[in-house]
Each structure stands twice: as C-alpha cells, then as structure tokens.
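Subject: The structure to look through

Hi there,

Here is the structure I promised to pass on to you. Have a look around it, and then read my notes below.

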Amino acid sequence: MSGAVVGVDVGGTFTDLILMEPETGAVRLAKVPSTPANQAAGVLAALDGASASFEDVAAIIHGTTVTTNALLERKLSRCGLITARGFRDVLELGRRTRPQPYGLTGSFTPLIPRELRIEVAERMDAAGDVLVPLDEAAVRAAVERLRAAGCDSLVVHFLHSYKNPAHEERALAIARECWPEGYVTAGHAILAEFREYERGVAAAVNACVQPLLHRYLDRLHGKLASRGYGRELLVIQGNGGSVSARSAAAKAVNTVLSGPASGVMAAAAIGRAAGARDLVTFDTGGTSADVGLVLSGVPAVTAEMELEHGMPIHVPMVDVHTVGAGGGSIARIDEAGLLQVGPESAGAEPGPICYGRGGERPTLTDANLILGRLDPDRLLSVENPVAPDDVAAVFAESLGAPLGLGTEGAAAAVIRIANDRMAGAIRMATLARGHDPRDFVLFAFGGAGPMHAAALAAELGIPRVMIPARPGITSAVGCITADIRHDYVNTMNAPLAEADMESVRAILERQAAEGRATIEQEGVAVGEIAYLHAADMQFEGQTHLLTVPVAGPEVTRAELQQAFEAAYWERFAVALDAIPAVLVNLHTAVIGARPQVPLAALAGAAQSVTLDGALTGTRRVWFPTGWAETPIYDRERLPAGARFEGPAIVRQIDTTSVVEPGNRAALDAIGNLILEVGQ
C-alpha cells in the first residue's frame with residue numbers, strides 16, 4: 001500500500017486517531033475531545049492534530065458511535081412500518097420478556113409507534129408458498145399515508161420473507177417509486193433468518209438509524225473531499241470488519257457497537273503478534289467498560305446481541321459485554337444511602353471536575369486524581385485547571401460526609417465499587433459462558449483500563465496483564481488493522497437427517513459469491529479473500545442455538561453432526577444421543593485481507609538505555625495496602641526489555657498504568673507492558 005493509513009475512533013469522551021506510514025513505520029497520534037453534537041468536527045480536529053496531508057493518505061478507516069448513541073438515547077429518525085395483516089404489534093409483543101424481572105413496574109417504548117405501523121393483505125406460509133396475494137394498492141396507500149405522517153424512513157416486514165422474499169421485494173419496489181429519499185428497508189435484506197420478531201427488530205433498527213448515519217457519513221466524506229482526500233472512506237462494523245461508507249449507510253444496523261468492536265480487533269492483532277492468543281479484552285474509556293474475548297487469536301462473534309430490553313439485534317457482532325463504568329462515571333449517594341458509581345457519566349461535556357470544563361459532580365477520574373494515581377499537570381484537554389484540593393473538597397462534602405468517611409476513604413470507596421462493576425463484566429464474559437479467567441491474559445486498554453487492570457486481575461485470578469504500547473488509542477489501531485468483512489445468513493430449519501445437503505452447498509456457495517462480488521463493487525484494495533462458514537444448530541425441541549464451524553460448502557451430514565455434538569459437549573458436558581439434531585441457519589463471513597501494518601512501530605524507539613533514565617520522580621500513591629512513595633516512569637523512555645517491580649506508575653500521553661505492589665512488570669519485544677500479577 002502506497003501512502004499513509006489513518007484510523008480514527010470516536011469515543012464518549014475523546015476522539016482518537018493514529019496515522020501510520022507502513023513503508024517507513026512512522027506514526028503520528030492525536031487525541032481530542034469528542035464532539036457529540038457533530039462527530040465529524042472531532043474527526044476533522046483529530047486529523048488536523050496529526051497534521052494529516054490528505055493527498056498522501058491511502059485510506060481512512062472510521063469507528064463511529066453515531067448509530068449506537070442514537071439507539072441508546074432514542075434520538076432516531078421517524079420511521080414507518082408496513083407489515084402483514086395481523087402482525088402490526090409483533091415488534092411490541094416480542095418474546096414475553098419484561099423490562100424488569102421483578103415487580104409490576106417497567107415501561108417499554110417500541111422503536112416504531114403503533115400509529116406508524118400499517119397492515120396490508122398478504123401472506124406466505126412457512127414453506128414460502130403464497131396463501132394471500134400482495135395487495136399492491138394497499139401498499140401504495142400505506143406508503144403515501146406514512147409519508148404524509150412525516151416519516152423519514154420505511155420498513156417492509158412480512159412474516160416468512162426469509163423463505164420467499166417475493167412479496168417484500170415487490171412492496172419494496174412500490175415504496176421506492178413513492179419514496180424518493182431512498183431510506184427503505186426490507187426485512188429479508190437485513191436478516192434472511194426465521195423468527196419474525198428478531199428479523200423485524202433488526203430491520204426497524206436499520207431504518208431508524210439509516211438516515212442519521214447516511215447524512216453523517218455524507219457530510220464527513222464531503223469535508224474530507226474538500227480537503228483533498230480522494231479515496232473511499234471505510235467504516236468499522238460491529239462484526240469487527242470494515243466496509244465502504246456506501247455499504248455502511250445501506251446496512252446501518254451493522255455499525256452498532258462499531259467502536260468496541262475495533263478495540264477487540266486491535267487486541268487480537270496485537271495479541272497474535274505477541275504470542276498471546278487467548279485474551280480477555282478490557283477497554284475502559286470515559287463512559288463505559290467493554291469486555292470481550294479473543295479465542296485462539298480470533299475475536300468471539302455473536303448474533304444474539306440485545307442492546308437493551310426489546311432491542312435484540314441479531315446480526316453478527318463482536319461479542320462485547322458493556323457496563324457503565326468509565327473514567328467519567330459519576331459517583332453519588334442513592335436514596336438508600338449507598339454509594340453508587342455509574343452508569344451515568346460526565347462524558348466529554350462537562351467531563352470530570354478535574355478537566356475544568358464545568359463538571360461539578362465527582363467521578364472515577366477525580367477519585368484516581370485524589371489518590372495520586374493521576375498527575376494533575378498531565379491531564380489531557382484541560383481548559384481551566386482545577387486545584388486537587390478543590391476536587392477533594394467536593395468528595396468530602398458530597399460523598400465523604402454522608403458516608404462517614406474522609407476524603408481519601410471516599411475516593412478509595414469509589415475506586416473499589418467501580419472495580420467491582422468492572423470485575424462483574426469480566427465474569428459475565430468468561431465464567432458465565434464456561435471460560436475460566438485464569439486461562440486468559442487480560443488485555444487492558446482505553447484511557448482508564450490500565451489504571452484498574454492489575455487490581456481486577458488479582459481479584460479474578462488472571463495471572464498476566466498485557467497493556468499495549470498505545471492503550472488510549474487502541475480502538476483507532478483496530479481501525480487500521482481491520483479487514484473488509486461482509487456477513488450473510490440464511491435459514492434452513494430442518495432436521496439434520498432430512499436436510500438437503502445440495503441446498504446446503506448451494507446456499508454457502510451463493511453467500512460466498514455475493515460477498516466476493518460486494519467487495520469487488522466497493523473498489524477497496526484487498527489481498528486474499530477468505531471464507532468462514534458456520535451453522536446454527538440445536539437439538540429438536542430446544543430454543544437456543546449453538547454455532548459450529550463448517551469447513552466449506554462440501555461439508556457432509558456426518559461432519560455437521562460430529563461438530564455439533566462436540567460443541568454441545570464442550571459447552572454443557574452432556575450428550576443427547578437419542579435426540580435428533582436440527583440444522584437451523586447457515587452463515588458465511590467473506591473477509592478481504594487489507595495490507596498489514598507494522599505493529600512494532602507503535603512502541604517507537606526507546607528514548608533511554610537504562611531504567612533510571614525513565615524515572616521522572618516519585619509521589620505518594622494510594623493502594624489497598626495503604627499509601628506508598630511510588631516511582632513514576634515515563635513509558636516513552638523505558639528501555640527495550642525493561643523490568644521492574646511494583647508499586648509503580650507508568651505514565652504516557654494517552655493513559656496511566658498502575659503497577660500494584662507485588663506485580664512484576666516487563667516490556668516485551670513489540671513494546672507491550674506485561675504485568676505478572678501477584679496473589
């Protein structure tokens with residue numbers, strides 16, 4: 001690849017950018033405050049901060065939170081739904097789950113209000129045969145009615161379109177004749193899978209965020225073009241792969257959780273390069289802590305994600321468990337007099353108190369500052385510096401006094417509760433899914449992750465922590481390491497013993513051909529194209545699915561049976577030999593390899609030849625064992641192969657790493673800081 005490659009990731013607090021020249025290994029970084037009202041402003045500011053020359057940039061890859069934020073905040077486009085008669089309320093009825101598991105309270109607001117859901121006459125049976133022809137006049141009238149109601153986008157969702165999409169395709173054609181804006185989504189085009197509720201929600205999510213994402217990407221691409229950038233803008237998807245901005249806008253639902261996915265992809269790439277193939281990824285920024293798994297060097301992907309109650313998004317996504325515990329998480333006393341940390345966050349505006357942007361409520365970042373873990377003179381993006389004593393006064397008044405604790409005790413309690421929430425997320429990603437955390441390396445990144453990783457590893461029995469060379473911009477690194485990826489799914493839903501294996505082969509080959517053609521149409525330079533096939537299976541009578549790998553289109557019935565039985569035994573340690581297996585869905589991921597970047601260049605050249613040369617001084621730092629006079633090291637000056645013991649603080653421009661007492665720290669060959677965690 002000739003020219004620089006740029007990865008830019010928008011987080012809740014900061015927008016991170018890495019510019020790398022693969023031919024020389026030169027790296028430039030930028031970290032600027034995010035601009036939630038218009039993320040493009042933060043992206044352009046980061047590009048300016050890295051002094052990017054747009055004519056010389058070969059690719060810009062962007063991880064965005066536009067769709068995720070819009071869904072979580074319910075700031076969505078007004079959307080209408082056309083569906084089969086009798087199924088108007090499917091999106092609201094769901095699966096009989098409740099917003100809260102206990103009590104009689106709780107509310108749920110569907111993505112599309114009832115008055116914008118219109119029924120028309122049509123019906124296919126489960127085999128795809130027409131029972132009631134499509135009433136085309138009713139479709140046309142419904143489209144006009146929804147346009148008059150002020151809808152920006154439209155969903156066409158019929159019951160068995162995954163089996164026979166003819167009615168949906170015809171209704172889609174009619175809608176496009178009357179809907180010049182083009183924001184029209186057909187359920188089968190997003191998810192060609194049975195279960196009308198999940199398929200309908202995925203289509204509704206796509207339609208509700210598509211206008212927002214399209215306008216944002218169009219605006220950003222126009223700004224980039226005006227500055228001389230003439231290449232395709234790539235966007236990270238929730239599955240960890242990247243696609244062209246055009247493809248991303250067409251299937252906007254695939255960009256949900258784009259930011260967390262890019263971080264897991266970076267962890268997998270760095271872990272493989274360092275010889276660590278089983279990782280728990282721990283990304284803590286300003287708003288949340290995101291936990292994922294990398295198994296044998298490959299990020300775990302799921303199609304069972306539920307963003308919130310009533311919003312299952314059954315498209316392939318990197319499997320990430322998120323809790324509202326980040327550096328900006330607000331600490332408060334609840335109605336019961338208990339200390340709570342998060343999920344509410346101070347975000348980028350106003351931010352923690354110590355950022356000097358008007359924040360008045362205590363946060364996790366402020367607690368770390370009070371306890372000496374952060375240097376008040378090295379905080380990023382501080383506009384009006386706030387004296388540490390003033391921060392401490394807020395803690396003493398709002399937290400310490402109600403709890404009967406001193407200032408330091410209140411700050412320590414905030415850190416302990418935040419750590420407990422983060423540890424819970426790691427348990428959910430490992431123990432709750434049958435994995436022992438002691439078998440993994442904890443890969444900690446984000447602006448706040450390295451400050452808390454060693455304490456979490458000790459609590460969970462994880463023996464090693466890996467902190468990459470650039471923890472604060474790791475998600476941006478994931479953008480430049482991500483390959484092009486497109487995912488496809490089709491439903492078979494037949495007992496394995498009766499499944500037509502010729503149909504299995506034809507479906508897998510068609511999925512592979514469609515993905516290859518899409519990559520060619522996007523015009524993005526890729527190397528080898530790889531195909532990952534999988535099948536969703538279950539025992540007859542069961543509800544939940546297990547996904548098993550499939551070697552290729554020529555897979556045999558016996559191979560599928562053996563793979564499913566092995567996966568079921570590994571998960572549940574139970575053999576159900578007397579119950580028939582069912583082949584439910586077939587998946588194919590088509591992956592176009594993008595040029596690899598030299599990850600070792602992220603560490604840069606060591607600026608010192610001795611450990612003492614990296615020592616900048618000492619300061620009092622609080623640990624669970626008490627206060628300790630602690631050496632402070634400058635990470636950029638740590639010599640290659642440096643080794644030292646905790647307690648220690650390792651500071652760098654994008655994060656601070658805390659080495660707890662009893663830990664042993666060392667730099668590996670590509671610049672990762674490895675912590676051996678004591679008991």
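Let's start inside: the largest cavity holds about 60 Å³ of space. Here a cavity is a set of points on a 1 Å grid over the protein atoms alone where a 1.4 Å probe fits but cannot get out. Grid points are joined across faces, edges and corners, and a volume is the space filled by probe spheres set on the points. Searching the whole structure turns up 3 cavities of 30 Å³ or more.

Before going further, please note that this is a predicted model, in which local features need pLDDT of at least 70 and side-chain atom pairs count only at pLDDT 80 or more, while totals for chains, interfaces and linings use all residues. Residues are numbered from 1 along each chain as its sequence is written, and side-chain values use heavy atoms, with hydrogens and water left out.

Which residues line the largest cavity? They are Arg 74, Leu 91, Phe 108, Thr 109, Pro 110, Leu 111, Val 201, Ala 204, Gly 310 and Met 311 (lining residues have an atom within 4 Å of a point). This lining divides into 7 nonpolar, 2 polar and 1 charged. In this count Ala, Val, Leu, Ile, Met, Phe, Trp, Tyr, Cys and Pro are nonpolar, Asp, Glu, Lys and Arg are charged, and the others, Gly among them, are polar.

Next, the second largest pocket, with about 1,000 Å³ of space. A pocket is an open set of points with protein on both sides within 12 Å along at least five of seven lines. Its lining has 44 residues, and nearest the centre lie Ala 189, Ile 190, Lys 251, Tyr 488 and Glu 514. Helix 15 gives the largest share of the lining, 6 residues. By type, the lining of the second largest pocket divides into 18 nonpolar, 18 polar and 8 charged. Helices (H or I, at least four residues) and strands (E, at least two) are DSSP runs, numbered from the N terminus.

Now for two helix pairs. Helix 2 (residues 66-73) packs against helix 7 (residues 196-226) at an angle of about 130°, with the axes 9 Å apart. That makes helix 2 oblique to helix 7 (angles under 35 degrees count as roughly parallel, over 145 as roughly antiparallel, 65 to 115 as roughly perpendicular and the rest as oblique). Axes are lines fitted to C-alpha atoms, for helices over the stretch in contact, and angles run from 0 to 180 degrees between N-to-C directions. On the helix 2 side, Val 66, Thr 67, Ala 70 and Leu 71 meet Val 205, Val 209, Leu 212, Leu 213 and Tyr 216 in helix 7 (contact means heavy atoms within 4.5 Å). The residues of this contact are 8 nonpolar, 1 polar and no charged.

The axes of helix 1 (residues 39-49) and helix 7 come within 10 Å and cross at roughly 30°, so helix 1 and helix 7 are roughly parallel to each other. Tyr 216, Leu 220, Lys 223 and Leu 224 in helix 7 meet Gln 39, Ala 40, Val 43, Leu 44 and Leu 47 in helix 1.

Finally, some backbone details. The peptide bond from Gly 342 to Pro 343 is cis, with omega near 0°, and Pro 343 lies in strand 22 (residues 339-345). Gly 646 and Pro 647 are also joined by a cis peptide bond, with omega about 10°.

Happy exploring!
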